[in-house]
Amino acid sequence: MGIINYSKTFSTTNLECEGSFQINLALAAGTDIRSGPADIVLLIDRSGDMSGAPIANIKNGANALIDAIAEATDGTESGQIGYGSRISIVSFAGSATTDTELITDVSELKEAVNNIQIAAGTNVAAGFTMANEVLQSATNTKIIVLFTNGLYSSGGNASNITAQLRAAGTTIFVFGLSAGEGINETAIANWASKPSSAFVNIEQDGSGFADFFDSITGNLQNVGATNITITDTVSPCFRITGTSMPTQGQARLLDNNTVQWTIEDLGTDAIEGVELTFTVESLGTCTGELQPNQSTVYTDTEDNVVDFPSPTLAVDCTEVVIPEGCPEPIALAVDGCQDTVELDAGNLVIDSLGCIASLDVTLQDVCPNKRVALAVILTEVDEDGTEYNRGMKTMVIPAHTREFCTDVTVRCIKFVLPASLSVAEDDAPCAARNFNARFLANYIDSGFTCCSDNDDV
């Protein structure tokens, strides 16, 4: 089956300025459906919550999945699912019904899906119980694909029956959508196979289900996936601060913005899922509805198609923070077998002891799309109040793109203050020193243009 599910999710949808959150990447894969046929129950929630667009989107998704399996197992427009695989349609509201047994006729399956009608009540446990009864006659790999919002009104939360199904070797995928009173993601994760992130796919309204199943059609003929490499890069507004151990394979940070996950093989013997979680921090330089991921690139030997989504995250920065850049590092390479390393770091002379002053300043009510010229003047003050110049810095503060004027903080403006320049009366190495800092700022971009000689008076 190759890659049969994939997802990217965030631990939150709202983040405070300079806050942290987790990104989860997950994959599920299985063997070639032609050499390893499957008996699949499409379990469809037809409760009142699903009325209108939700049930229409579920039906479109279910029909797309039927087409994908038919194409992968047959390769012709014969209208039959081939190579021994079969599909059943089971639906539920207050009770569950078997709309078709395990069959191969595509038209009959689609007709059963299209004829599903909304009814009162929601008994998810009854739906799983009915799906289990259908699979009692199964001779192939057993799979349940559930479409629901995870809410239920009777029968309990189905944890016991799903645990029994998983223990008996049934794989459970859940395609969740928000409908009616919302979505119960906790219940959905509890019902799915483990790790749940690899077997759960959540859409806001289910409108993307059909496109998702279309995208994996070509994967279903692959014998799993080997030599997987996933390279995920976050945007310059964020940085990666750490990564957990993936459930399979290895993950490493290539730099502050890129993590790479490699997996030798996945799903080559049976259906299995994997996940990786890494932590990302907002730098405070961007605000609003943002896409934290700049790109996610997937490759494997079998050319499975995996197009990870790019969710958005609302970042609330009451001020825009722009740090002064740090000095450029000097590269140093160490051979694994070397005991010592010698490096010429260049002409950096340390004349005396001293300190580094690091200043922050907030420019208030900076309007959007306007650069600011900033000057910082630092003086040292002796006991008589006389000032001595210690340095001046000028810099251009980039324009921000918020829709309204906002405060912009410039951080870590650094001054080197050698001890030999101290004017403190006490000449001890750690004597207290007093300084004054002055700040000058003005807009660079004003929109003003001079009148030319040709302008009308």
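Tutor: β15 and strand β17 (residues 313-316) pair in the antiparallel sense, over three bridges. Two strands count as paired here if DSSP finds at least two bridges between them. Strands are DSSP runs of E with at least two residues, helices are runs of H or I with at least four, and both are numbered from the N terminus. Before going on, keep in mind that this is a predicted model: local features need pLDDT of at least 70, side-chain atom pairs count only at pLDDT 80 or more, and totals for chains, interfaces and linings use all residues. Residues are numbered from 1 along each chain as its sequence is written, and side-chain values use heavy atoms, with hydrogens and water left out.

Back to the pair. Look at Gly-288: its bridge partner in β17 is Val-315. Now widen the view to the open sheet, where three strands run in the order β2-β17-β15 with mixed pairing. β2 (14-16) and β15 (288-290) are the edge strands, each pairing on one side only. On average, neighbouring strands of this sheet are turned by 30° against each other, direction ignored. For that angle, axes are lines fitted to C-alpha atoms (for helices, over the stretch in contact), and angles run from 0 to 180 degrees between N-to-C directions.

Next, the strands around β5. β5 (residues 86-92) has six of its seven residues buried, so the rest of the structure largely encloses it. Buried means under 20% relative accessible area, exposed means over 50%, and partly exposed is in between (1.4 Å probe, protein chains only). Strand β4 (residues 38-45) runs parallel to β5, joined by seven bridges, and Asp-45 has Phe-92 of β5 as its bridge partner. Strand β6 (residues 96-103) is antiparallel to β5, with five bridges; here Ile-87 is bridged to Ile-103 of β6. A hairpin of three residues takes the chain from β5 to β6.

Helix α1 (residues 53-74) is another enclosed piece: 16 of its 22 residues are buried, so the rest of the structure largely surrounds it. From first C-alpha to last, α1 reaches 31 Å, close to the 32 Å expected at 1.5 Å a residue. That expected span is 1.5 Å times one less than the number of residues.

Now the rings. The structure holds 14 aromatic pairs. Rings of Phe, Tyr and Trp (its six-membered ring) pair if their centres lie within 6.5 Å; planes under 30 degrees apart are stacked, over 60 edge-to-face, and the rest tilted. Phe-147 and Phe-209 have ring centres 5.7 Å apart and planes at 65°, so they are edge-to-face. That pair links distant parts of the chain: Phe-147 is in strand β7 (residues 141-148) and Phe-209 in helix α7 (residues 209-215), 62 residues apart. Phe-147 is buried at 0% relative accessibility, and Phe-209 is buried at 1%. Phe-209 also pairs edge-to-face with Phe-175, since their centres are 5.8 Å apart and their planes at 85°. Phe-175 belongs to strand β8 (residues 171-177), so its pair with Phe-209 in α7 ties together parts 34 residues apart in sequence. Phe-175 is buried too, at 3%.

Lys-370 lies over the face of Tyr-443, 5.0 Å from the ring centre, and the charged end of Lys-393 sits over the ring of Phe-415 at 5.6 Å from its centre. To count, NZ of Lys or CZ of Arg must be within 6 Å of the ring centre and within 35 degrees of the ring normal.

Asn-442 lies in strand β23 (residues 434-443) and is partly exposed, at 46% relative accessible area. Leaving out residues up to four places away in sequence, Asn-442 touches Arg-371, Val-372 and Ala-373, where contact means heavy atoms within 4.5 Å. Asn-442 and Ala-119 are 66 Å apart, C-alpha to C-alpha, and 323 residues apart in sequence. Tyr-388, in strand β21 (residues 387-397), is partly exposed at 31%. The C-alpha atoms of Tyr-388 and Val-423 are separated by 8.5 Å, and the two residues are 35 apart along the chain.
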